[in-house]
Amino acid sequence: MRVVVIGGGPAGVSAALHAAGLGAEVTLIERGRVGGTALNRGPAPVRTLARAARLMRDWSSWETFGLRGPRPDIDVAATLANSQRVAAYLYERKRIADHIRSEGVELVEEAGDARFVDANTVTTADGRTWTADRIIIAAGGRPGRLPIPGAEFGLTYEDLRSLTSLPERVCIIGAADTGCQLASILADFGCTVTLVEYAPRIVTRSDVDVSIALEHAFRNRGIDVVTGAAVHELVALEPGVRVLYRVGDEARTLDVDAAFFAVGWPGNTDTVDVAAAGVATERGYVTVDAYTATNVAHIFAAGDVDGNSMLVSSATLEGRVAAENAVLGLRRRVVHEIVPAGSFTDPEYGSVGLTEEQARARYDCVVAVARYEDILRPVADGQPEGFCKLIVETMRRHIVGAHVLGEYSAEVIQMVAACMAAGMRVEDVAELQFAFPTFSEGVSQAAQMIVNQLGVRPMPHLWSSLNTTPSVLE
């Protein structure tokens, strides 16, 4: 069987390697360097920038720990070059391209956009063509821009790499995950940041407690957060850009040195020209079923191009499922119920499963929030602002959602996801012996609070919970 995979990001690499392992003859076509956005332009380099920003933030707490010293200076070129170090690591140090080829995959890099000629044929700009029995579309997506006058004057996170100096005043348009990460990083670098969001709250897909707490933390850091705002035009200035937007009936303008769009991630369906293969799309994404199959029987899609989970871990799983179903027939479904996700903001936030609003719409639930100010490790680290929130459905006593705000949130949420995947009841989570002192103790504390609420078994009050009930100590 001949399989062509379009796109060499996490979904495409996963699909190509798995299909080859199942005995297919595989060609993987990548427009640039294998690794896609995740390794070359997105999470890997941006997380490295976030680390630099976090080091800048930590300087402000030196006095608390008895440390003295001047504020670090930012060498923008060196900071950005270091962010590319991680992007290059897997490609150059780990030799990912060589590994793919060693597994029997024909890897075609720097091919430019691969496009459908018909439902079985793919071509690239240099005239090369490939015909296949099965085709897996893993072409990813790209930063979105608002369809407004002057949109060409706005930047995206990809333009960070081309900066030669830090803009003094910045407007971030869009306050979902990417927008909040950009706002947080640039604020830590000393930029004056305005975050403008159309929705009534930031990170609207997150639990409402995360949204409220993150906005509060941002405001305390000096980030100007404007919600319910519709940006309708950008105007070029010399230098800089003017952002025109409305809040209700009030027209406002904001003059900044740079404006960044963070308004979504459309799929690359147009660059692949899926219409030429008769593949159906919706809202700019390839339409797939639970088996990653499109409406064309022998064409599958995985990763950001299908608009589903939009996470690296999900893309990797979808790639494997697409390969298996393409080679062996429709036999495996994709499930996105337990997918932990974390941010690069300051403070970090992480989530898995349902929000409280979603959970209460489906189940009878019990909710508990463990505050980091009541846990030793966050206090010792000088980062007591944050929480761990668990949502448990009362019939089976399983965790159906968890939301964490504060240091190491992306790490803490992983272990909650593991408990959920293992089907552990909340009383079993409460009995786990957590390392001390750690941020993950917040999971234990919240679980114990829920066990007490449900009356499943008696749990003693910890010293941390006594902090919030002074009457017990009197």
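A polar contact of 2.9 Å links the side chains of Asp304 and Trp265; such a contact is a pair of N or O atoms within 3.5 Å, where within protein one must be able to donate a hydrogen and the other to accept it, and residues adjacent in sequence count only if both atoms are side-chain atoms. This is a predicted model, in which local features need pLDDT of at least 70, side-chain atom pairs count only at pLDDT 80 or more, and totals for chains, interfaces and linings use all residues. Residues are numbered from 1 along each chain as its sequence is written, and side-chain values use heavy atoms, with hydrogens and water left out.

**Asp304**
- The UniProt annotation "binding site", from an unreviewed entry, covers Asp304; such annotations may be inferred rather than shown by experiment.
- Asp304 sits in the loop between β17 (299–301) and α9 (312–328); helices (H or I, at least four residues) and strands (E, at least two) are DSSP runs, numbered from the N terminus.
- Beyond its neighbours within four places in sequence, Asp304 is in contact with Gly140, Gly141, Trp265, Tyr285, Met310 and Leu311 (heavy atoms within 4.5 Å).

**Domains**
- The assignment, automatic or from a database, gives domain 1 (2–142 + 266–328), domain 2 (151–261) and domain 3 (340–459).
- The C-alpha centres of domain 2 and domain 3 are 30 Å apart.
- Their contact takes 16 residues from domain 2 and 13 residues from domain 3.

**Largest cavity**
- The structure holds two cavities of 30 Å³ or more; on a 1 Å grid over the protein atoms alone, a cavity is a set of points where a 1.4 Å probe fits but cannot get out, and lining residues have an atom within 4 Å of a point.
- The largest cavity has about 90 Å³ of space, a volume being the space filled by probe spheres set on the points.
- Domain 1 and domain 2 both give residues to its lining, so the largest cavity lies between them.
- Its lining has ten nonpolar, one polar and no charged residues.
- α4 gives the largest share of that lining, three residues.

**Second largest pocket**
- The second largest pocket has about 500 Å³ of space; a pocket is an open set with protein on both sides within 12 Å along at least five of seven lines.
- Of its 22 lining residues, Arg57, Ser60, Arg221, Asp346 and Gln383 are the closest to its centre.
- α3 (43–59) supplies the largest share of the lining, four residues.
- By class, the lining of this pocket has seven nonpolar, seven polar and eight charged residues (Asp, Glu, Lys and Arg count as charged; Ala, Val, Leu, Ile, Met, Phe, Trp, Tyr, Cys and Pro as nonpolar; the others, Gly among them, as polar).
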